[in-house]
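Biologist: Let us go through this model together. I will ask what the terms rest on.

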Amino acid sequence: MANPAVEFPSAQWFEQLAARMNDQRAKYQNFGFVTARAIFKINGTPRGDRAFGLVFDGFECVEVRELDQGALASFDPDWILEGDYAAWKEMVRNIKAHGEADADHTLNRLCLLGHPLKVHGEDQTRVDIFYRQLFSFQAFIDESAAVETTFT
Amino acid sequence: MPLPPPEEVKAKLYEHSEAQRIRSGQLGEWFTTPLVGGEWTEWGKRARPDRIGMTFMAINRVSANPEPTNEPARRLMHSRYIKTHHAIDPEMEEKIAPKYGTAREMDRRDQVWIDHAAELAEEALDRQIRPARQLHWEDMTPLPDDLERAFDQFATYLIQALYLCSDASGPWNGLIHYGFAEIKSFLAYELFDYNLMCGLLRKRVMANGGGMGVQIDGLDAGLIEVCNEASRGFVGEVEREFSSVVFAIDVLFNGLLLEMARLGSAGARSRFDRHLMTQLVQDCARHVAFGCRRISFYLRNCPDREEAAVKLHLVADRLEPLQTEHHLLSPKVLEPLAILLGGSAASQGMRVLREFWPQFSDNYLARLDAIGLARRDRCLIPAEAPF
């Protein structure tokens, strides 16, 4: 039976991605292990700016939690992936429609010019983890193709 | 001196003490020395796989020496892993393994080591691609001639750039002491990355209706000269500047290649080509990570930080303008990228490149800030596109 629809953005939505990642160890082993503390930041949602801290370790996403705006630094992220709600929504819809991001909606493409998404952080050598482990992060976000998503 | 006759050599070997011992059926000292307190190094180790598998981190967890020390390495195999034989005196050790021309040349932590070396070496191995098996070559998508030509030229440039890195870095691994096993492994994997990707790109170019493109003269843009000066041609009993090579190849050149790979991935017109370019993004980013950790460790631990920083700045002063002129501004690099990014419309792609350009220096300078080699006031890569 399909999982009930979950709202984007929400901790539940990211938890569903994490659950799918953690259920597919062999797939993620093929990409290589991941070690990252990441923040996904969605600006301008109907409920304001939202941020979610995720911890990746080994072949799993081991932690998902929503962060208050004041708690971003204390989460100590390696990288922050940030953009407007509209851009995120378009990406999630594109992934749903194609089963994975098409050429114009990969994380790399969307971040290339710093808009509509931007990857950044305090320390560029930690931001580079995003590029070092890009296959895994793209596969993680592509898991949303299997998640019934509603938008606020 | 004339060689002795073969019969004399054979007779001498027959009477050799080791030959006599083997004939007697006795096992050697390696088997008879006590497991504890003798020549044997250590016993009873039971490393267990960690969350990733049986990694360097897992064996270091049970090792008596999880990190190499700064004790001078007296023999090649004397490392944090293996004991020296008590009966071999320093004079004999020097004869067995002379300092220069061997893996004893670089035996100090400040010359070689990085933070979290084990993790980065494992990541390098874990994220390597197996082109013949892992890629779905049957899924390659035919491209219009102009896009295929652009991709092939971009791939030809990358092959040239990656071979350059491989050739410049390769000889150094033999000078690094075995005590730094993780570093030796990482550098070997880095060479493997370059050569795997060169082979992969060439296969791709030869398999989709196109062919190899045009060579770029002078692409090294000062790199070979810097590397030759740093190695002193690998001749003589002299100190060599591994850090200059790491800075040039891993921090600067791979940093630029990383940005090129990101652009290539964004411009890839097929899923297959995007996969190749994403692999290159990961590879280059990992090499940059090694370079940054190496330079950071070096600056924090070398005998004279100020002098070390001056030398590295001078390398950057030389390379930045040359790399901009002969690499970043090469029409054989930019134009195929522009065609790929613009979907055949080069002018549109050029606008993307113009907007992207500041990241060449921004990301490079941000890395240098992070590793303690700030040069925002003297960087010679233009902050804005000069076109």
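Modeller: Two strands pair if DSSP finds at least two bridges between them. Strands (E, at least two residues) and helices (H or I, at least four) are DSSP runs, numbered from the N terminus. This is a predicted model: local features need pLDDT of at least 70, side-chain atom pairs count only at pLDDT 80 or more, and totals for chains, interfaces and linings use all residues. Residues are numbered from 1 along each chain as its sequence is written, with chains lettered from A and ligands numbered from 1 in the order in which they are written.

Biologist: What makes β5 (residues 79-84) of chain A and β6(A) a pair?

Modeller: Four bridges join them, and the rule asks for at least two. They run antiparallel. In β6(A), His120(A) is the bridge partner of Ile80(A).

Biologist: Which residues of α1(A) are buried?

Modeller: Trp13(A), Phe14(A), Gln16(A), Leu17(A), Ala18(A), Arg20(A) and Met21(A). Buried means that 20 or more other C-beta atoms, placed from the backbone, lie within 10 Å of a residue's own. In chain B, 40% of the 387 residues count as buried.

Biologist: What makes up chain B in secondary structure?

Modeller: Chain B has 17 helices and zero strands. Its domain assignment gives domain 1 (6-96) and domain 2 (112-371). Such bounds come from an automatic or database domain assignment. The centres of the two domains of chain B, taken over C-alpha atoms, are 38 Å apart.

Biologist: How many residues of chain A are in contact with chain B?

Modeller: 18 residues of chain A are in contact with 27 residues of chain B. Contact means C-beta atoms, placed from the backbone, within 7 Å. On the chain A side, at least two residues each come from β3 (48-58), α5 (107-111), α6 (124-127), α7 (129-132) and α8 (134-142).

Technical notes
Buried ≥ 20, exposed ≤ 12 C-beta atoms within 10 Å, placed from the backbone. Contact = placed C-beta atoms within 7 Å.
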